Amino acid sequence: MSQTERTIEIFLNDKPIRVTVGHHQTLIEVLQAQGLTGARESCAQGLCGCCTLKVNETLVSGCLFLAVLADGQRVQTIEANEQALDEVQQAFIECGAFQCGYCTPGFIMMVRALLDENPDPSDEDIGHYLSGNLCRCATYPEIIKAVQRAASVRRVPS
Amino acid sequence: MLVAKVFRSTMAHAVIRAIDVSRARAQPGVYAVYTAEDIVGLIAKPFYGPAFHDQPILALGKVHHVGEPVAVVLAEDPHVAENALASIEVEYEPLPAVFDEIEAMNSKAVVHEVLKPAGTFPDLKHLSGKKNTNIALDFHLLRGDPQKAFKQADHVFEHYFKTQPVLHLPLEPFATVAVPTHTGLTLHTASQSPSFVRIEIARLLGWPENRVQVKVPYLGGGFGAKLYIKTEALASACALLAQRAVKLALSMEEQFYVITKHATTLRIKSAVTKEGQITARECEVWWNGGAFADIGPRVTQKSGFTAAGPYDIENVQIDSYALYTNLPPAGALRGFGIPQLVWAYESHTDMMARALKIDPLQMRRKNVLREGRPQATGTLMRDAALVPVLERLAQLMHWDEPFDHGSGTWRRGRGMAIGFKASIAPTTSMAIVVINADGSCQLQSSTVDMGQGSDTAMAQIVCEVLDIDMGVIKVVHPDTDVTPYDMATLGSRSTYHMGHAVKRAAEHARDQLAAMAVEFKLTLNEVSIADLFKRKYGMQAGNVVGVGSFIPAYTSPDAQGQTLQATPFWMIGATGVELEVDTETGQFRITQMINLVDVGNPINPEIVKTQISGAAIMQMGFTLSEKMDFDEGQVTNASLADYKIPGIRDLPQFMHNEAVSAFEQSGPFGAKGVGESGTFGVSPAIANAIDDAVGVRLTDLPLTAEAIFRGMRIHAGQPLQED
């Protein structure tokens, strides 16, 4: 291991992994090397939201987040709990809230966080919270509907 | 796997005197550095393109635009490859450059010394070997006697319009992985045209088609960017030179130098009676094609068919020019040139209506092309719901009711626009439907699903014909080893062209199943597919393979641009807008946007609505905020930080999207394409509404608050100092 590398341990989707990473490498590069491609680098400037990840309880742009900073932290990607769809994913399907799907993982991560913080968001709240996520197919009206649907499903006690 | 990073030209037009890659080659971890010299060792004539073979894999002898690939570095570590780019040195001798499409008509700066038509399109052959011109194609149409009509006209109106350069900007930038195999080459690529990629790469290498395999996964958006050859040729050359798998994935910034949407200058002149009847029209369109033709000449010609608008005009002259300049190449972007034309002719419609004091809707009603009438090419309008679309728009906008134009500092306005498009012909689609012995089936087609929902629509067609459940069908993604030829996924052609091929393949399979049933004196209603196979083969074994192909009728236009078969079907889109302008700042907000299209009989109505909405919002970006800024050919805003695409907070306050009730007699189940129609009317509808609100007429895109504010000051006789 050279001086520009370090071995880190991250709790990736609740499983501990050890990886050797370059100091300059971003979290998104490390995840891609792990075969996790749900978070994607698009603008590489933290402006589009395609690479949205959760580090501990905070949502970050994986393209700007240095991998070494994730040492010892919990990292959640869209691939967590892959066996079942949650109410947000289900709502996106039911509302047709995507076209090409490239931006969708980032949106889903953000919407989950939004509904954790605000179980009953207005359209204005949704727009404000998701303003950092871009969808070039412009499926925004359907996304707003999906968020409202997911929120109403979440509000019904199971 | 090796990663490739591209060294790009910093000059708009220059002779390459020398390239020194020795320092880059010496960097630890660098596997190879290639220039055109290495490419020529592999491919003697390394030029590609769908209309002209004008684009070199790496710059050869000279560079034609800033951002043109000049050299490529391969390394296992992308950072090593990226860093090595900085130590490549190129010595240029600058040449005069031309950036403006009008200047390019007569410029001393000539982008290509000799024109080299690809030979794919017979009507470009006459341009072969032409020298000292930037005109890649000129299309001319003449109908009736416009000059005579202008002389006799009550009124003549002439206006100029401009559209700005913008780009597709799919969130997934271009990417190709090329893998040398023992039989040839496999490409995994983000392409809308896998069949074209295979044929073009095989042509470059002098190989038979079957040595090149092209596989396409789901795309992260395309919009016309990922057509023909983009990253595929360079990735292929690198992989074959290195004899290693090579990944070439571009950055967002690099996307700004790959393919753009044509900037245009448009002149439109109409002769009109005092009642508002248009008797003659002249259109001149100059398309800024950038340094390589890509599909620009086709855009110039096909959109030329409809440049005079969806109006019944007896005397028409259209002159349309595809021009080379020293900007990044331009291609097709969601509308194949139509949004630029509608911008001009529908702004022009309102400007004339206002001058004549005729209601803009009445002006359109009076002139609109009715069913069965010939349009400018002489082709008759068939199954073209122009009138229903226009009338439904008027109804939804309550156009005949009084409109509140606001008061105080906020003024309200409304506007409408309607456009149409000839589809792409003649183009071929093939499909294969395989029925398995358990009754499940797969559809093999090279249509690329990039978010438009083609997998779903095609599966629906198969299920409808075979009367099977959607759950038992699998759509095989494009893989040229197994999916047959398709021209490309573009121009809203898939539903119609591939839809027909898929329907025929499914019918072919159904007929074979029916014949099998007859062998056992049964009909398909009396036996399941699985039972039928068991009876025939004694066990779960065998397949039925249905094949289908489709190529629509098309007649090339004559020297006057006349043809009775310009298109297999007509696409129609209209937009109505209401907005409010803050007269103190010029800022405005769209309070209502209504988008209507004629899609024939929609195969999947929900997907159709999303297509209309997505297309309209995208076009809103091209209307309000998007513009590539250039400084001597260099893009100065090549990032999402400086190039503003629509976000979730930029939506109209209210939006309604609808396909009118219609049926395309020649379409599969009465359907036709829809991917582009939602873009047509957006830009002029907004500009017309701005004029209605504050009396300011904008003729250049994008429509900015600043331009409105300047216009209002001029209107009030208090222009800003610099105006």
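Guide: Two residues count as in contact if their C-beta atoms, placed from the backbone, lie within 7 Å. Helices (H or I, at least four residues) and strands (E, at least two) are DSSP runs, numbered from the N terminus. What you see is a predicted model, where local features need pLDDT of at least 70 and side-chain atom pairs count only at pLDDT 80 or more, while totals for chains, interfaces and linings use all residues. Residues are numbered from 1 along each chain as its sequence is written, with chains lettered from A and ligands numbered from 1 in the order in which they are written.

Visitor: Let's start with chain A. Which residues of α3(A) does α2(A) meet?

Guide: Helix α2 of chain A covers residues 87–94 and helix α3 of chain A covers 104–117. From α2(A), the residues involved are Val88(A), Gln89(A) and Phe92(A). Across from them in α3(A) sit Thr104(A), Ile108(A), Val111(A) and Arg112(A).

Visitor: And how are α2(A) and α3(A) set to each other?

Guide: Axes here are lines fitted to C-alpha atoms, for helices over the stretch in contact, and angles run from 0 to 180 degrees between N-to-C directions. The two axes come within 9 Å and cross at roughly 130 degrees. Angles under 35 degrees count as roughly parallel, over 145 as roughly antiparallel, 65 to 115 as roughly perpendicular and the rest as oblique. So the word for α2(A) and α3(A) is oblique.

Visitor: How far apart are the centres of the two domains of chain A?

Guide: Domain bounds come from an automatic or database domain assignment, and for chain A that gives domain 1 (5–76) and domain 2 (87–155). Taken over C-alpha atoms, the separation of their centres is 23 Å.

Visitor: Where in chain A is Ala44(A) found?

Guide: Ala44(A) has a positive phi of about 65 degrees, although it is not a glycine. Its place is the loop between α1 (27–33) and β3 (52–55) of chain A.

Visitor: On to where the chains meet. Which helix gives the largest share of the side of chain B that touches chain A?

Guide: In total, 30 residues of chain B are in contact with 27 residues of chain A. Six of those on the chain B side, the largest share, belong to residues 605–624 of chain B, that is, helix α16.

Visitor: How many residues does domain 2 of chain B put into its contact with domain 1 of chain B?

Guide: Chain B is split into domain 1 (2–95 + 168–255), domain 2 (260–424 + 559–715) and domain 3 (429–550). The C-alpha centres of domains 1 and 2 of chain B lie 36 Å apart. Domain 1 of chain B brings 21 residues to the contact, and domain 2 of chain B brings 22.

Visitor: Now a pair of helices in chain B. Is α10(B) roughly parallel or roughly antiparallel to α17(B)?

Guide: The axes of α10 (residues 338–356) and α17 (residues 682–694) of chain B come within 8 Å and cross at roughly 30 degrees. That makes α10(B), relative to α17(B), roughly parallel.

Visitor: What is the bridge partner of His159(B) in β16(B)?

Guide: β10(B) pairs with β16 (residues 263–272) of chain B in the antiparallel sense, over nine bridges. For His159(B), the partner in β16(B) is Ile268(B).

Visitor: Last one: where is Pro426(B) placed?

Guide: The peptide bond from Ala425(B) to Pro426(B) is cis, with omega near -5 degrees. Pro426(B) lies in the loop between β21 (410–422) and β22 (429–436) of chain B.

Technical notes:
Pairing = 2+ DSSP bridges.
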